[in-house]
2 protein chains.
Amino acid sequence: MEKFKKYVSVKDEDHFYHQGAVELLIFNFLLILTILTIWLFKNHRFRFLHETGGAMLYGLVMGLIIRYVTKSPDVESGTVYECEKLKSGPSTLLINITNQVYEYQYKREISHHNVNGHQGNAMLQKMTFDPSIFFNILLPPIIFHAGYSLKKRHFFRNLGSILTYAFLGTAISCIVIGLIMYGFVKAMVHIGQLKQWEFHFTDCLFFGSLMSATDPVTVLAIFHELNVDTDLYTLLFGESVLNDAVAIVLTHSISIYSPKENPNAFDAAAFFQSVGNFLGIFAGSFAMGSSYAVVTHLTKFTKLCEFPMLETGLFFLLSWSAFLSAEAAGLTGIVAVLFCGVTQAHYTYNNLSPDSKMRTKQLFEFMNFLAENVIFCYMGLALFTFQNHIFNPLFIFGALVAVFVARAANIYPLSFLLNLGRKQKIPGNFQHMMMFSGLRGAIAFALAIRDTNSQPQQMMFSTALLMVFFTVWVFGGGTTPMLTWLQIRVGVDPDEDLKAKAASQSASDLDKNTTKAESAWLFRIWYGFDHKYLKPLLTHTGPPLTSTLPEWCNPIARLLTSPTAYGDQLKDGDTVYIINNDELTENYDSSAHIPVPAQDSTGSIQATGKEDIQEGDLGLGGYKLQLQHTADQPQKNSLA
Amino acid sequence: MEKFKKYVSVKDEDHFYHQGAVELLIFNFLLILTILTIWLFKNHRFRFLHETGGAMLYGLVMGLIIRYVTKSPDVESGTVYECEKLKSGPSTLLINITNQVYEYQYKREISHHNVNGHQGNAMLQKMTFDPSIFFNILLPPIIFHAGYSLKKRHFFRNLGSILTYAFLGTAISCIVIGLIMYGFVKAMVHIGQLKQWEFHFTDCLFFGSLMSATDPVTVLAIFHELNVDTDLYTLLFGESVLNDAVAIVLTHSISIYSPKENPNAFDAAAFFQSVGNFLGIFAGSFAMGSSYAVVTHLTKFTKLCEFPMLETGLFFLLSWSAFLSAEAAGLTGIVAVLFCGVTQAHYTYNNLSPDSKMRTKQLFEFMNFLAENVIFCYMGLALFTFQNHIFNPLFIFGALVAVFVARAANIYPLSFLLNLGRKQKIPGNFQHMMMFSGLRGAIAFALAIRDTNSQPQQMMFSTALLMVFFTVWVFGGGTTPMLTWLQIRVGVDPDEDLKAKAASQSASDLDKNTTKAESAWLFRIWYGFDHKYLKPLLTHTGPPLTSTLPEWCNPIARLLTSPTAYGDQLKDGDTVYIINNDELTENYDSSAHIPVPAQDSTGSIQATGKEDIQEGDLGLGGYKLQLQHTADQPQKNSLA
């Protein structure tokens, strides 16, 4: 009997393994379908349904099948058992059932209203995977990739505008959605649709903050494919990446905001605590991400580049650790990993061996691709596999209106204000396109699914999911027609574009310093510091620290400077040549990520490093000298 | 109050996310440490502790810390609760505790003797991750990579010997270990160490089968680094890869073998059922893996190679699906993914674009590297985090003896028998080295951890874990001294080696057919079939199907043949030239994975495809003709 039991148990376990395999297989199958669809679409230049929309559609169909075709749940499901002896819920519960002990693992606290017959359907349960997998494993590669592949040159040219949209715009959007939703909720209470539970203003603000995270994936994929105007691309990309971070921290701060007495009254202390939280968490996450990146930079002192596999591995693990450490410390990992990515691309990338550069780029691209499609498939699945949806037509309609109005209240007034200060205005059709491109995606979904225990949260989750479907399918699909309709030029080579703009600017305005008024003084100071001290410290490029640091720091400077940097001592004769050399940008190959020698150089100094030229474009007159001196440094490295 | 509860719940959830992040962070930290150690070792050419041993050591220390430093478990842990109303264990249990419903997830059936105070330590529990993650996620990339990177040329030269060691040798090892352990168990019963539970002969055989899986990782890494003699490398590699598959299926078959009456008596029906199971599962898994590979091959009809990312994604997902499908169908995924890898490398690799070739190779290499180190870290962790170890000194000593004797009983007699038939004998020092290299690793561990509910299983798991530690540290560390001591030559270039051997053979023996007696007639037939029908069907290489299939098949043949293959119609004039061309192997670049044109060809036909030349080496005189005709096909593809 003992023997028999053992083998039964072995078979039980086997059954469990197989089920794990079945769920993964379902995802694999969905992804394979998605890939084939993408290929089909790309092959036929079909742009009305984007791949992410396709992935969601497949997920939807699969969710439908799983829900209505898999076997009915156990008989016991939906029954609540009593246990008088227990005082609280332990993390592991041992239960004796007919003389056999079973081990149960704590999953969650569940409200009475959530108890229903689907609880026992193991298949449904397994397909709705743990939100922690979502947050800890699927999101980091997407955000890191966004930071790592940021086109810094264009990004910094538009930094002021991007920050305005991302910070001020997201705050506006959050408040506008919160206010509109509060109005709708009040109306619902009035007509009697909402009486069994409370819906506070903070809940509305919470909804506003999570719905304010716009998704870069769908629109930018189309923009990238069509080579849409680079400034528009950069504005949208920068906004949506930073705005994710802002929305996440905002959501967190609002969920912490808990006025002590009346939840509807304004509690100044709690409010300022939330604001303080927001700033603290944002700054902390930023610091965490950057410091991990700095740790990675120290690879310049190791000879790790002889082993590209180890280098890639270390790079990958440290970047992921930035995310995990921030989460473990109670900060937001998304912000940390985003800035880690930006910093890695800025410094560490230069230290990597050519092989590792290629490897990391392809690896992150691949992981981003997979994670993205898994998330969109999963969103499709969630519509049918999530067991406690509350669809309220009025609330959904309200959300639709609120999202539109909030997007308009973000883009148009801010664009107007920005255009007052910008030399190169943001034209009307760009503003309309930005308005149209405010899709909601993975982040909104992830924030909504994070906690779905109370009824308001369930209703917000269901609504957020529908908003994602709607915006991805309708706006995502309408991107190409909209571009045509708004007469936004496509097929632009970003580098040609920049050159043309620079040429027209220098023709109209001979004084370099006023031409570059866009790059604020703060950033000029930062770049000076970066170029003089950080770059030489953290990478093999830049002037040697021995020449930039004061005399008395020499011993330390010598220790910290990379030996290869010593080749670049300043020679005065070159100075005049460089300053007169206007054909600078022509020697610059943006598509190659491994520095290549300039193709036909007319002078003795060749510009090859992408990063360096980029800074040159920022018009840091005083530093241009050194920049040119170090421009051929990467080339030397790759030959060594 | 309701409000307050909600925020408490939010914070609870947050706590759970953070914990998920903490565990991942611990693994990341261990991996970073491991990578830095590897780099240090590689830099100082230190070979006494291999990276896998290092990973295990770090895991061990971390396990110690987690076990004794983390907070003590809940008060409730270790208490078994009664529930009279329940008749069986549902997959989800809803429990009402002080008017709040908690949801619990079924984890496992647990024996009374396993109930102990550590059950409630959430940290320990989370670190001992689900074996299904181990099987479904960490193992497939390792096994696939083994198959994908198989050096087929050397593999097929030694195929007979490899199959003998892997199938016959593993069976011998399993039986020998089973018998010796049964003797030890009897002795333990005799001296009174084992009386509270039963330990059957099938349990001993089960232990024998799981301890027969030798691990390729540690030794082969060192061999690869030192460029040890290729034949020895191939023998060990081939054996350990195939023997994993054999051991897994064997373990499964033995666990199914359940004689009806007396568990110690021999039940012929059950025995033959197990044998039938073994053959059925092996064949089924082989078929599953190959058919997935065939599906991937059909990519030759798509123009997917224009999108390397999609191609890589599809390749990755289909290969993983091979594993998951086999598991879901009750076969063994390891066998499926191994043969999927071999087949992919043989056919699909040729269809990939150069970019995808590089990407897939690097991707699988990276995943293999990560998965391998995670597994070894985890093995170290398991020594302290697993909660039901049973260490029995006599059993452990018995296992040590048994493993040695069984390895000897596998290697020496089989080598003697093989040497009777082999033209190129396996020398004594090779045999000693193979004897010494029988390390136990991830597979033995994975098989043992799969079910650890009964006490015999727990004792076997603890013993297997110690055996892994012992063999990896002692034998793994002793590999380099042992190589020196046995005077096995190192620093051999595998291709030079083969050429030299071929040259000496052709000098001593002019008749090609008898020289190549090693390659059995079965494989010659297979290769003929492969070259004439499969290669043209599945790849862009080989003669067009229209010329190899009978006349009446022409319409189908035309449909199935790749358009690029039509360029290679047979020209009679070339025939004589090719047959006389003996300098064939010189034009062959083994290190480049993208076909390159021959460097200085003296004739009009260049040999570039690695695969094709490899077959040429097998001495398939009759097919050499077509082989040469298609050899420059990949080159055309890469130019197109």
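I started with helix H14 of chain A, residues 393–421. H14(A) has 29 residues and runs 43 Å from its first C-alpha to its last. That is close to the 42 Å expected at 1.5 Å a residue, taking 1.5 Å times one less than the number of residues. Helices here are DSSP runs (H or I, at least four residues), numbered from the N terminus.

This is a predicted model: local features need pLDDT of at least 70, side-chain atom pairs count only at pLDDT 80 or more, and totals for chains, interfaces and linings use all residues. Residues are numbered from 1 along each chain as its sequence is written, chains are lettered from A and ligands numbered from 1 in the order written, and side-chain values use heavy atoms, without hydrogens and water.

I then looked for a bend. H14(A) has a kink of about 25° centred on A:Ser415; the angle is between axes fitted to the seven residues ending there and the seven starting there. At the start of H14(A), a side-chain oxygen of A:Asn392 comes within 3.0 Å of the backbone nitrogen of A:Leu394.

Next, cysteines. I searched the whole structure and found 0 disulfides over all chains (cysteine sulfur pairs within 2.5 Å). B:Cys204 is in no disulfide; its nearest cysteine sulfur, in B:Cys174, is 11 Å away. B:Cys204 is buried at 0% relative accessible area (buried is under 20%, exposed over 50%, partly exposed in between, with a 1.4 Å probe and protein chains only).

Last, I checked A:Phe223. Beyond neighbours within four places in sequence, its contacts (heavy atoms within 4.5 Å) include A:Val228, A:Met433 and A:Leu483.

Note on methods
Helices (H or I, at least four residues) and strands (E, at least two) are DSSP runs, numbered from the N terminus. A polar contact is a pair of N or O atoms within 3.5 Å; within protein, one must be able to donate a hydrogen and the other to accept it, and residues adjacent in sequence count only if both atoms are side-chain atoms.
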